[in-house]
Amino acid sequence: MLTVTRPIAPSFERLSALLRQMLQEQRYTNGGPLVSLLELKLRELCAAQQLVLVANGTLAIELALKGLGIAGRVITTPFTFCGGAHAISWVGATPVYVDVDPETLTIDPVAIEAAIEPGAEAILGVHVYGQPCRVAAIDALARRHGLAVVYDGAHAFGSHCGGVPIGAFGDATTYSFHATKLFHTGEGGAIETRDPALAERLRRLRNFGIASEDVVTEAGINAKMSELAAATGLAVLDRLAEEIAARAALRRFYLDRLSNLPGVAPFVGSDETARLLYFVLRVSNEGEPGRRDRLHARLKAEGILARRYFYPLASELTLGADRAAAETPNAFAASREVLALPFHGGVSPADAERVAGIFRRFAEGR
Ligand code: T4K
(Lines give C-alpha, C1' and ligand atoms only; values in the text may rest on other atoms or scores of the structure.)
Protein backbone atom coordinates (compact mmCIF):
# COMPACT_ATOMS: atom_id res chain seq x y z
CA MET A 1 0.00 0.00 0.00
CA LEU A 2 1.20 3.47 -0.83
CA THR A 3 -0.09 5.63 2.02
CA VAL A 4 -0.73 9.37 2.14
CA THR A 5 2.13 9.80 4.55
CA ARG A 6 4.86 7.81 6.23
CA PRO A 7 6.40 9.07 9.46
CA ILE A 8 10.09 9.94 9.53
CA ALA A 9 11.78 6.88 11.05
CA PRO A 10 14.52 7.90 13.47
CA SER A 11 17.83 6.06 13.48
CA PHE A 12 17.65 3.12 15.88
CA GLU A 13 21.07 3.97 17.34
CA ARG A 14 20.15 7.59 18.05
CA LEU A 15 16.80 6.69 19.57
CA SER A 16 18.25 3.93 21.72
CA ALA A 17 20.95 6.30 23.04
CA LEU A 18 18.22 8.73 24.11
CA LEU A 19 16.18 5.95 25.66
CA ARG A 20 19.25 4.71 27.54
CA GLN A 21 19.60 8.21 28.97
CA MET A 22 15.93 8.14 29.98
CA LEU A 23 16.33 4.76 31.70
CA GLN A 24 19.50 5.84 33.50
CA GLU A 25 17.86 8.99 34.80
CA GLN A 26 14.62 7.19 35.67
CA ARG A 27 12.71 10.21 34.43
CA TYR A 28 9.69 9.46 32.25
CA THR A 29 7.61 12.62 32.48
CA ASN A 30 6.90 15.83 34.47
CA GLY A 31 9.46 18.26 33.12
CA GLY A 32 12.25 15.83 32.20
CA PRO A 33 15.49 16.77 30.43
CA LEU A 34 14.47 15.39 27.02
CA VAL A 35 11.31 17.54 26.89
CA SER A 36 13.39 20.58 27.91
CA LEU A 37 15.98 19.83 25.23
CA LEU A 38 13.36 19.32 22.53
CA GLU A 39 11.65 22.58 23.51
CA LEU A 40 14.95 24.40 23.16
CA LYS A 41 15.71 22.85 19.75
CA LEU A 42 12.25 23.57 18.38
CA ARG A 43 12.37 27.13 19.64
CA GLU A 44 15.58 27.62 17.67
CA LEU A 45 14.20 25.89 14.59
CA CYS A 46 10.99 27.96 14.55
CA ALA A 47 12.71 31.17 15.69
CA ALA A 48 10.10 31.09 18.45
CA GLN A 49 10.23 33.25 21.53
CA GLN A 50 8.21 30.84 23.67
CA LEU A 51 7.30 27.25 22.90
CA VAL A 52 5.44 24.90 25.21
CA LEU A 53 5.39 21.20 24.37
CA VAL A 54 2.17 19.29 25.04
CA ALA A 55 0.70 15.83 24.56
CA ASN A 56 -1.02 16.43 21.20
CA GLY A 57 -2.26 19.10 18.79
CA THR A 58 -5.86 19.00 20.04
CA LEU A 59 -4.81 19.79 23.60
CA ALA A 60 -2.54 22.51 22.19
CA ILE A 61 -5.60 24.30 20.80
CA GLU A 62 -7.60 23.76 23.99
CA LEU A 63 -4.80 25.13 26.15
CA ALA A 64 -4.21 28.11 23.86
CA LEU A 65 -7.90 29.05 24.10
CA LYS A 66 -7.98 28.42 27.86
CA GLY A 67 -4.78 30.34 28.39
CA LEU A 68 -6.26 33.32 26.56
CA GLY A 69 -9.41 33.10 28.68
CA ILE A 70 -11.74 32.26 25.80
CA ALA A 71 -15.18 30.90 26.68
CA GLY A 72 -17.54 32.66 24.25
CA ARG A 73 -17.83 32.61 20.47
CA VAL A 74 -14.83 31.55 18.42
CA ILE A 75 -14.97 32.40 14.73
CA THR A 76 -13.37 29.56 12.83
CA THR A 77 -13.12 27.63 9.58
CA PRO A 78 -15.08 24.48 8.82
CA PHE A 79 -12.30 23.37 6.45
CA THR A 80 -10.21 21.61 9.06
CA PHE A 81 -9.74 18.35 10.88
CA CYS A 82 -12.71 17.72 13.17
CA GLY A 83 -10.42 17.62 16.23
CA GLY A 84 -9.49 21.26 15.78
CA ALA A 85 -13.11 22.36 15.89
CA HIS A 86 -13.98 19.97 18.73
CA ALA A 87 -11.27 21.64 20.81
CA ILE A 88 -13.37 24.82 20.82
CA SER A 89 -16.39 23.01 22.28
CA TRP A 90 -14.21 21.14 24.79
CA VAL A 91 -13.19 24.42 26.42
CA GLY A 92 -16.87 25.39 26.67
CA ALA A 93 -16.71 27.92 23.84
CA THR A 94 -18.92 28.00 20.74
CA PRO A 95 -17.58 27.59 17.21
CA VAL A 96 -18.98 30.02 14.63
CA TYR A 97 -18.13 28.73 11.18
CA VAL A 98 -17.35 31.11 8.34
CA ASP A 99 -16.25 30.44 4.79
CA VAL A 100 -12.76 30.11 3.38
CA ASP A 101 -11.00 32.02 0.67
CA PRO A 102 -11.14 29.79 -2.44
CA GLU A 103 -7.49 30.36 -3.36
CA THR A 104 -5.82 29.60 -0.03
CA LEU A 105 -8.60 27.46 1.51
CA THR A 106 -7.94 29.34 4.76
CA ILE A 107 -10.47 31.37 6.72
CA ASP A 108 -11.66 34.43 4.80
CA PRO A 109 -11.00 37.72 6.69
CA VAL A 110 -14.04 39.36 5.05
CA ALA A 111 -16.27 36.54 6.30
CA ILE A 112 -14.73 36.84 9.77
CA GLU A 113 -15.55 40.52 9.96
CA ALA A 114 -19.14 39.90 8.82
CA ALA A 115 -19.58 37.30 11.60
CA ILE A 116 -18.41 39.50 14.48
CA GLU A 117 -21.27 40.07 16.89
CA PRO A 118 -21.58 40.48 20.66
CA GLY A 119 -20.03 37.51 22.42
CA ALA A 120 -17.29 37.01 19.82
CA GLU A 121 -14.01 36.57 21.67
CA ALA A 122 -11.53 34.91 19.38
CA ILE A 123 -10.59 33.75 15.89
CA LEU A 124 -9.18 30.29 15.29
CA GLY A 125 -7.58 30.16 11.83
CA VAL A 126 -5.99 27.06 10.31
CA HIS A 127 -2.90 27.18 8.08
CA VAL A 128 -4.15 24.57 5.61
CA TYR A 129 -1.57 22.19 4.03
CA GLY A 130 1.13 24.64 5.19
CA GLN A 131 -0.40 27.59 3.32
CA PRO A 132 -0.70 30.35 5.93
CA CYS A 133 -3.93 32.18 6.62
CA ARG A 134 -4.19 35.80 5.49
CA VAL A 135 -2.50 36.70 8.76
CA ALA A 136 -1.96 40.44 8.20
CA ALA A 137 -5.66 41.07 7.55
CA ILE A 138 -6.78 38.76 10.35
CA ASP A 139 -4.42 40.19 12.97
CA ALA A 140 -5.43 43.74 11.99
CA LEU A 141 -9.18 43.10 12.22
CA ALA A 142 -8.72 41.24 15.50
CA ARG A 143 -6.93 44.28 16.98
CA ARG A 144 -9.73 46.56 15.75
CA HIS A 145 -12.40 44.40 17.39
CA GLY A 146 -10.46 43.31 20.49
CA LEU A 147 -10.45 39.62 19.56
CA ALA A 148 -7.79 37.05 20.43
CA VAL A 149 -6.23 35.10 17.55
CA VAL A 150 -5.04 31.51 17.62
CA TYR A 151 -3.60 29.90 14.51
CA ASP A 152 -3.71 26.13 14.20
CA GLY A 153 -0.39 25.31 12.58
CA ALA A 154 -0.88 21.52 12.75
CA HIS A 155 -0.26 21.41 8.99
CA ALA A 156 2.36 24.10 8.89
CA PHE A 157 5.40 23.27 10.96
CA GLY A 158 8.30 25.36 9.63
CA SER A 159 6.11 27.31 7.21
CA HIS A 160 6.43 31.03 6.53
CA CYS A 161 4.20 33.89 5.53
CA GLY A 162 5.88 36.54 3.40
CA GLY A 163 9.19 35.11 4.59
CA VAL A 164 8.27 35.45 8.28
CA PRO A 165 7.86 32.28 10.39
CA ILE A 166 4.15 31.63 10.99
CA GLY A 167 4.54 31.67 14.78
CA ALA A 168 5.13 35.43 14.62
CA PHE A 169 1.42 36.06 14.01
CA GLY A 170 -1.64 36.00 16.27
CA ASP A 171 -1.54 35.52 20.03
CA ALA A 172 -0.59 31.87 19.79
CA THR A 173 0.15 29.21 17.16
CA THR A 174 -0.47 25.56 17.88
CA TYR A 175 1.21 22.52 16.33
CA SER A 176 0.49 18.83 16.09
CA PHE A 177 3.41 16.42 16.22
CA HIS A 178 1.24 13.39 15.45
CA ALA A 179 2.92 10.61 13.50
CA THR A 180 1.15 11.77 10.32
CA LYS A 181 2.91 15.16 10.49
CA LEU A 182 6.24 16.13 8.92
CA PHE A 183 7.95 16.59 12.29
CA HIS A 184 6.54 14.15 14.81
CA THR A 185 6.94 12.73 18.29
CA GLY A 186 4.48 9.85 17.74
CA GLU A 187 1.82 11.81 19.60
CA GLY A 188 2.61 15.37 20.58
CA GLY A 189 2.06 19.04 20.01
CA ALA A 190 3.16 22.52 21.01
CA ILE A 191 1.98 26.07 21.51
CA GLU A 192 4.14 28.94 20.34
CA THR A 193 3.62 32.50 21.57
CA ARG A 194 5.50 35.76 21.90
CA ASP A 195 3.90 36.46 25.28
CA PRO A 196 5.99 35.18 28.21
CA ALA A 197 3.07 35.52 30.66
CA LEU A 198 0.85 33.38 28.40
CA ALA A 199 3.65 30.80 28.08
CA GLU A 200 4.00 30.65 31.84
CA ARG A 201 0.26 30.13 32.23
CA LEU A 202 0.30 27.40 29.57
CA ARG A 203 3.10 25.60 31.41
CA ARG A 204 0.90 25.55 34.51
CA LEU A 205 -2.26 24.61 32.61
CA ARG A 206 -0.58 21.58 31.00
CA ASN A 207 0.36 20.39 34.50
CA PHE A 208 -3.02 20.52 36.33
CA GLY A 209 -2.57 24.23 37.16
CA ILE A 210 0.24 23.42 39.59
CA ALA A 211 2.61 26.36 40.14
CA SER A 212 4.65 24.84 42.96
CA GLU A 213 4.44 22.11 45.58
CA ASP A 214 2.16 24.34 47.66
CA VAL A 215 0.30 26.33 45.05
CA VAL A 216 -2.32 25.37 42.45
CA THR A 217 -3.41 28.52 40.63
CA GLU A 218 -6.30 27.22 38.54
CA ALA A 219 -7.91 24.08 37.16
CA GLY A 220 -5.48 22.81 34.58
CA ILE A 221 -5.31 19.48 32.83
CA ASN A 222 -2.73 16.80 32.16
CA ALA A 223 -1.34 17.77 28.77
CA LYS A 224 2.32 17.02 29.37
CA MET A 225 4.55 15.46 26.74
CA SER A 226 6.34 12.33 27.96
CA GLU A 227 10.10 11.79 27.79
CA LEU A 228 9.49 8.87 25.43
CA ALA A 229 7.74 11.18 22.96
CA ALA A 230 10.47 13.80 23.33
CA ALA A 231 13.16 11.17 22.66
CA THR A 232 11.34 10.24 19.45
CA GLY A 233 11.18 13.91 18.47
CA LEU A 234 14.86 14.53 19.12
CA ALA A 235 15.81 11.54 16.99
CA VAL A 236 13.33 12.50 14.25
CA LEU A 237 14.84 16.00 14.08
CA ASP A 238 18.10 14.51 12.76
CA ARG A 239 16.27 13.35 9.65
CA LEU A 240 14.01 16.33 9.10
CA ALA A 241 16.13 18.11 6.47
CA GLU A 242 16.44 14.91 4.42
CA GLU A 243 12.64 14.41 4.45
CA ILE A 244 11.99 18.04 3.50
CA ALA A 245 14.33 17.69 0.51
CA ALA A 246 12.68 14.41 -0.57
CA ARG A 247 9.22 16.02 -0.42
CA ALA A 248 10.39 19.06 -2.38
CA ALA A 249 11.66 16.77 -5.15
CA LEU A 250 8.40 14.80 -5.12
CA ARG A 251 6.38 18.03 -5.33
CA ARG A 252 8.32 19.06 -8.45
CA PHE A 253 7.69 15.65 -9.98
CA TYR A 254 3.95 15.67 -9.27
CA LEU A 255 3.60 19.24 -10.51
CA ASP A 256 5.36 18.32 -13.72
CA ARG A 257 3.07 15.33 -14.34
CA LEU A 258 -0.24 16.61 -12.98
CA SER A 259 -0.42 20.30 -13.83
CA ASN A 260 -2.18 20.18 -17.17
CA LEU A 261 -4.79 17.47 -16.84
CA PRO A 262 -8.45 18.30 -17.59
CA GLY A 263 -10.62 18.78 -14.48
CA VAL A 264 -7.73 18.36 -12.07
CA ALA A 265 -5.80 21.24 -10.46
CA PRO A 266 -2.91 21.01 -7.99
CA PHE A 267 -3.27 23.19 -4.90
CA VAL A 268 -0.39 25.65 -5.05
CA GLY A 269 -1.41 28.24 -2.47
CA SER A 270 -0.51 31.90 -2.69
CA ASP A 271 2.73 32.36 -0.78
CA GLU A 272 6.04 31.28 -2.26
CA THR A 273 7.65 31.27 1.19
CA ALA A 274 5.11 28.79 2.56
CA ARG A 275 6.22 25.21 3.09
CA LEU A 276 3.42 23.06 1.71
CA LEU A 277 3.48 19.81 3.66
CA TYR A 278 0.84 18.02 1.62
CA PHE A 279 0.39 17.52 -2.10
CA VAL A 280 -3.27 18.14 -2.77
CA LEU A 281 -5.27 18.25 -5.99
CA ARG A 282 -8.74 19.57 -6.57
CA VAL A 283 -10.75 17.21 -8.72
CA SER A 284 -13.66 18.99 -10.35
CA ASN A 285 -17.09 17.35 -10.05
CA GLU A 286 -18.59 19.67 -12.63
CA GLY A 287 -21.09 17.87 -14.81
CA GLU A 288 -20.12 14.62 -13.09
CA PRO A 289 -21.12 14.51 -9.39
CA GLY A 290 -18.93 12.26 -7.24
CA ARG A 291 -16.01 12.35 -9.70
CA ARG A 292 -13.46 12.97 -6.91
CA ASP A 293 -14.80 10.07 -4.89
CA ARG A 294 -14.61 7.76 -7.89
CA LEU A 295 -10.97 8.68 -8.39
CA HIS A 296 -10.34 8.17 -4.68
CA ALA A 297 -11.86 4.68 -4.87
CA ARG A 298 -9.94 3.84 -8.04
CA LEU A 299 -6.64 4.82 -6.41
CA LYS A 300 -7.54 2.69 -3.39
CA ALA A 301 -8.32 -0.28 -5.62
CA GLU A 302 -4.80 0.09 -7.04
CA GLY A 303 -3.21 0.17 -3.58
CA ILE A 304 -2.85 3.95 -3.29
CA LEU A 305 -4.35 5.45 -0.13
CA ALA A 306 -5.00 9.09 -0.98
CA ARG A 307 -6.94 11.06 1.66
CA ARG A 308 -9.73 13.62 1.42
CA TYR A 309 -8.30 16.26 3.78
CA PHE A 310 -10.75 17.74 4.84
CA TYR A 311 -13.92 15.77 4.27
CA PRO A 312 -16.48 15.98 5.74
CA LEU A 313 -16.27 19.57 6.95
CA ALA A 314 -15.78 20.00 10.70
CA SER A 315 -19.08 21.90 10.77
CA GLU A 316 -21.14 19.07 9.25
CA LEU A 317 -21.32 17.25 12.59
CA THR A 318 -23.46 20.00 14.11
CA LEU A 319 -24.90 21.83 11.08
CA GLY A 320 -25.44 18.96 8.66
CA ALA A 321 -24.31 18.96 5.03
CA ASP A 322 -27.09 21.16 3.62
CA ARG A 323 -26.51 24.06 5.99
CA ALA A 324 -22.76 23.74 5.67
CA ALA A 325 -23.12 23.91 1.87
CA ALA A 326 -25.39 26.94 2.03
CA GLU A 327 -23.44 28.89 4.65
CA THR A 328 -19.86 28.08 3.61
CA PRO A 329 -19.99 27.24 -0.11
CA ASN A 330 -16.25 27.60 -0.81
CA ALA A 331 -15.34 25.26 2.03
CA PHE A 332 -18.07 22.82 1.03
CA ALA A 333 -16.92 22.72 -2.60
CA ALA A 334 -13.30 22.18 -1.52
CA SER A 335 -14.26 19.32 0.81
CA ARG A 336 -15.88 17.54 -2.15
CA GLU A 337 -12.92 18.13 -4.49
CA VAL A 338 -9.67 17.72 -2.57
CA LEU A 339 -7.45 14.69 -2.66
CA ALA A 340 -4.13 14.47 -0.79
CA LEU A 341 -1.69 12.20 -2.62
CA PRO A 342 1.01 10.01 -1.07
CA PHE A 343 3.60 12.61 -0.14
CA HIS A 344 6.67 11.50 1.76
CA GLY A 345 10.24 10.37 1.33
CA GLY A 346 9.18 6.76 0.80
CA VAL A 347 7.41 7.51 -2.51
CA SER A 348 9.82 6.36 -5.23
CA PRO A 349 9.90 7.89 -8.72
CA ALA A 350 8.23 4.68 -9.96
CA ASP A 351 5.46 5.03 -7.36
CA ALA A 352 4.90 8.67 -8.29
CA GLU A 353 4.82 7.78 -11.98
CA ARG A 354 2.21 5.12 -11.25
CA VAL A 355 0.05 7.61 -9.32
CA ALA A 356 0.38 10.15 -12.12
CA GLY A 357 -0.54 7.48 -14.69
CA ILE A 358 -3.80 6.68 -12.88
CA PHE A 359 -4.65 10.38 -12.75
CA ARG A 360 -3.85 10.81 -16.43
CA ARG A 361 -6.01 7.90 -17.51
CA PHE A 362 -8.82 9.03 -15.22
CA ALA A 363 -8.68 12.63 -16.49
CA GLU A 364 -8.79 11.37 -20.06
CA GLY A 365 -11.86 9.28 -19.23
CA ARG A 366 -10.07 5.93 -19.58
N1 T4K B 1 -5.65 20.55 13.54
C2 T4K B 1 -5.43 20.05 12.32
C3 T4K B 1 -5.51 20.94 11.14
C4 T4K B 1 -5.09 18.70 12.16
O5 T4K B 1 -4.87 18.20 10.95
C6 T4K B 1 -5.00 17.88 13.32
C7 T4K B 1 -4.73 16.47 13.20
C8 T4K B 1 -5.24 18.47 14.58
C9 T4K B 1 -5.55 19.81 14.65
C10 T4K B 1 -5.17 17.68 15.85
O11 T4K B 1 -3.85 17.26 16.12
P12 T4K B 1 -3.59 15.89 16.98
O13 T4K B 1 -4.44 15.98 18.23
O14 T4K B 1 -3.97 14.73 16.11
O15 T4K B 1 -2.12 15.95 17.30
C16 T4K B 1 -4.79 11.98 10.92
C17 T4K B 1 -4.30 12.19 12.32
O18 T4K B 1 -4.79 11.28 13.27
C19 T4K B 1 -4.51 13.59 12.81
O20 T4K B 1 -3.45 13.85 13.71
C21 T4K B 1 -4.48 14.58 11.70
N22 T4K B 1 -4.71 15.92 12.08
C23 T4K B 1 -5.50 14.23 10.65
C24 T4K B 1 -5.57 15.22 9.53
O25 T4K B 1 -5.12 13.02 10.10
P26 T4K B 1 -5.91 10.00 9.72
O27 T4K B 1 -7.27 9.50 9.94
O28 T4K B 1 -5.57 10.49 8.37
O29 T4K B 1 -4.73 8.99 10.16
P30 T4K B 1 -4.41 7.55 9.65
O31 T4K B 1 -4.16 6.70 10.84
O32 T4K B 1 -5.38 7.10 8.65
O33 T4K B 1 -3.00 7.79 8.96
C34 T4K B 1 -2.84 8.17 7.61
C35 T4K B 1 -1.71 7.37 7.00
O36 T4K B 1 -0.49 7.67 7.66
C37 T4K B 1 -1.88 5.86 7.15
O38 T4K B 1 -2.54 5.36 6.02
C39 T4K B 1 -0.48 5.34 7.26
C40 T4K B 1 0.32 6.49 7.77
N41 T4K B 1 0.70 6.30 9.16
C42 T4K B 1 -0.11 6.75 10.17
C43 T4K B 1 0.23 6.55 11.49
C44 T4K B 1 -0.65 7.05 12.61
C45 T4K B 1 1.85 5.61 9.45
O46 T4K B 1 2.57 5.20 8.51
N47 T4K B 1 2.20 5.44 10.74
C48 T4K B 1 1.45 5.88 11.80
O49 T4K B 1 1.84 5.70 12.98
O50 T4K B 1 -5.83 11.07 10.85
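Which of the 21 residues around the ligand come nearest? They are Thr58, Asp152, Ser176, Arg307 and Tyr309, where a residue counts as near a molecule if one of its heavy atoms lies within 4 Å of it. Please keep in mind that this is a predicted model, in which local features need pLDDT of at least 70, side-chain atom pairs count only at pLDDT 80 or more, and totals for chains, interfaces and linings use all residues. Residues are numbered from 1 along each chain as its sequence is written, and side-chain values use heavy atoms, with hydrogens and water left out.

**Around the ligand**

- The side chain of Thr58 has an N or O atom 2.6 Å from an oxygen atom of the ligand.
- For Ser176, a side-chain N or O atom lies 2.7 Å from a ligand oxygen atom.
- Lys181 has a side-chain N or O atom 2.9 Å from a nitrogen atom of the ligand.
- On its own the ligand has 920 Å² of accessible area, and the protein covers 74% of that; such areas come from the Shrake-Rupley method with a 1.4 Å probe.

**A look at Ser176**

- You will find Ser176 in strand β9 (residues 172–176); strands are DSSP runs of E with at least two residues, helices are runs of H or I with at least four, and both are numbered from the N terminus.
- Ser176 is buried, with a relative accessible area of 9%; buried means under 20%, exposed over 50%, and partly exposed in between, using a 1.4 Å probe and protein chains only.
- The side chain of Ser176 also reaches the backbone nitrogen of His178 at 3.2 Å.
- Leaving aside residues up to four places away in sequence, Ser176 touches Gly57, Ala154, Lys181, Phe183, Gly188 and Gly189, a contact being heavy atoms within 4.5 Å.

**Strand β2 and its partner**

- Four of the five residues of β2 are buried, so this strand is largely enclosed by the rest of the structure.
- Strand β10 (residues 189–193) runs antiparallel to β2, and five bridges join them; strands pair if DSSP finds at least two bridges between them.
- Val52 has Ile191 as its bridge partner in β10.

**The nonpolar core**

- The largest nonpolar core has 50 residues, and Phe79 and Tyr129 have the most contacts inside it; such a core is a set of buried Ala, Val, Leu, Ile, Met, Phe, Trp, Tyr and Cys residues joined through side-chain atoms within 4.5 Å.
- Elements that each supply at least two residues of this core include α1 (12–25), β2 (50–54) and α8 (227–237).
- Helix α8 gives the largest share of this core, seven residues.

Notes: Polar contact = N/O pair within 3.5 Å; in protein donor to acceptor, adjacent residues only side chain to side chain.
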